[in-house]
Amino acid sequence: MKVVFAGTPEFARVALEQLLAAGHEVPLVLTQPDRPAGRGMKLQASPVKQCALAHGIAVSQPLSLRLDGKYPQEAAAARAALLAAQPDVMVVAAYGLILPQWVLDLPAKGCLNIHASLLPRWRGAAPIHRAIEAGDAQTGVTIMQMDAGLDTGDMCLVEALDIAADDTTASLHDKLAEMGGRMLVQALALSAEGRLQRAPQPAEGITYAHKIEKAESTIDWAQSAVQIDRRVRAFNPFPAASTRMGEEVVKIWAAQPERHSPAGAVPGQVLAADGQGIVVACGEGALRISALQRPGGKRLQAADFLRGHALQPGQVLGDDRLSVAAP
C-alpha cells in the first residue's frame, strides 16, 4: 500500500514506525509546523517529523488545509504534494488539523484514523486523559474510516484495554500507542485484500473529550479522594495536578486515595506528613501524596520533599496562608 501519513506527537510516531516496519511505502508525511519548546523555547520538530526525516520521507507542514481559508497558498501546496504522492490511503493519528472534504476524497481508499478510545465514547482531543479522569474501567483503540464529522466515521477495528488502578495518561498513552500501531498494520492488510469491514458507530453512549486546559490543574480538595486521585493520574504528564502550599504552587505527581478521614477535618487539611507520604483530607476520604515538585525544582518523593519543605498536621493546602485548621 502507498500510504500518506498525517500525525504530530509521540502517539503518531509509534504508528508511523510500525507502518514502515510492515513494509508500506510512505511517500509523504503531514505534520504540524515546528513549535517553540524546552527552556530555551527553540523551534522543535514534532516526533513524527523527526521520524520521517530519519527515514528520508518528504514532509509537509501546512498551517491549514482549507483551500478557502486563512492560508490558501499553504493548503494549495499541500494539495499538490498529496496529488503527486498518489496515495492508496491516508492514515491520520493525532494530526491536529481538521481535514476538509477534498482531503477525505483524495486517496483511493479514503482516510483511516487511529483514535485512542472505544468510540463513540470520548470523541475529541483528549480521550486518554478523560477516560482516566472519569474512572472508566476500560478504554482502547478504534480504527475508523474518517468522514467530515468529529470522530463520527464508521468503525473498522476495535480493541479494548483495561485501565489499571495506577495508570497515568503517560503509561496508558504508551500502551495505546503500541496497540494503535499494531491495529493499523492489521487494518491496512485487510484493506489491501478488500476485506476491511465497516460498521456505523452506536447512537448511544456518545461523549466528548474536550481539550485539556492548564486551568484544570488546580486540585479542589472538596472533591473526594477517589476523584482527586483520578485527576492526578489523568493530568500526568500534562498539565500536572497542583495545589498551593503557602506562597508556592506545588505539582502533585503521584498519590493514593484512602477511605477514611477524621471527623471535622477540613478539605485540604494536612493529617500527616512523614516518610510514608503527605496525607490530606478531602471532601470524602483522604489522599496520600507520594511525589511532589516545587516550582523550578525536581520531582521528589514525599520524604525527600519534606526535608526542604516542612509541613505540619493541621495546615491547609490550597490556602495561600497555609492556615491552621480549626480544631
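How much space lies in the second largest pocket? About 270 Å³, while the largest pocket comes in at a volume of about 1,800 Å³. This is a predicted model, where local features need pLDDT of at least 70, side-chain atom pairs count only at pLDDT 80 or more, and totals for chains, interfaces and linings use all residues. Residues are numbered from 1 along each chain as its sequence is written, and side-chain values use heavy atoms, with hydrogens and water left out.

**How the pockets are defined**
- On a 1 Å grid over the protein atoms alone, a pocket is an open set of points where a 1.4 Å probe fits, with protein on both sides within 12 Å along at least five of seven lines; lining residues have an atom within 4 Å of a point.
- Grid points are joined across faces, edges and corners, and a volume is the space filled by probe spheres set on the points.

**Largest pocket**
- Of its 45 lining residues, Pro9, Ala94, Tyr95, Gly96 and Ala125 are the closest to the centre.
- α1 (10-21), β3 (35-37), β7 (111-115), α5 (127-133) and α6 (169-192) each put at least two residues into this lining; helices (H or I, at least four residues) and strands (E, at least two) are DSSP runs, numbered from the N terminus.
- By class, you get 27 nonpolar, 13 polar and five charged residues here, with Ala, Val, Leu, Ile, Met, Phe, Trp, Tyr, Cys and Pro taken as nonpolar, Asp, Glu, Lys and Arg as charged, and the others, Gly among them, as polar.

**Second largest pocket**
- Its lining has 19 residues, and Ala164, Ala165, Asp166, Asp229 and Arg233 sit nearest the centre.
- α7 (225-234) and β13 (248-258) are the elements giving two or more residues to that lining.

**Helix α1**
- The end C-alpha atoms of α1 are 17 Å apart, which agrees with the 16 Å its twelve residues should span (1.5 Å times one less than the number of residues).
- Its buried residues (under 20% relative accessible area, 1.4 Å probe, protein chains only) are Phe11, Ala12, Val14, Ala15, Leu16, Gln18, Leu19 and Leu20.
- Covering them, by contact (heavy atoms within 4.5 Å), are elements including β1 (2-7), β2 (25-30), α2 (47-54), β6 (89-93), β7 and α6.
- After α1 comes Gly23, with a positive phi near 95 degrees.

**Cysteines**
- There are zero disulfides in the structure, a disulfide being a pair of cysteine sulfur atoms within 2.5 Å.
- Cys51 is buried at 4% relative accessible area, and Cys282 is buried at 5%.

Methods:
Buried < 20%, exposed > 50% of the residue type's maximum accessible area, 1.4 Å probe, protein only.
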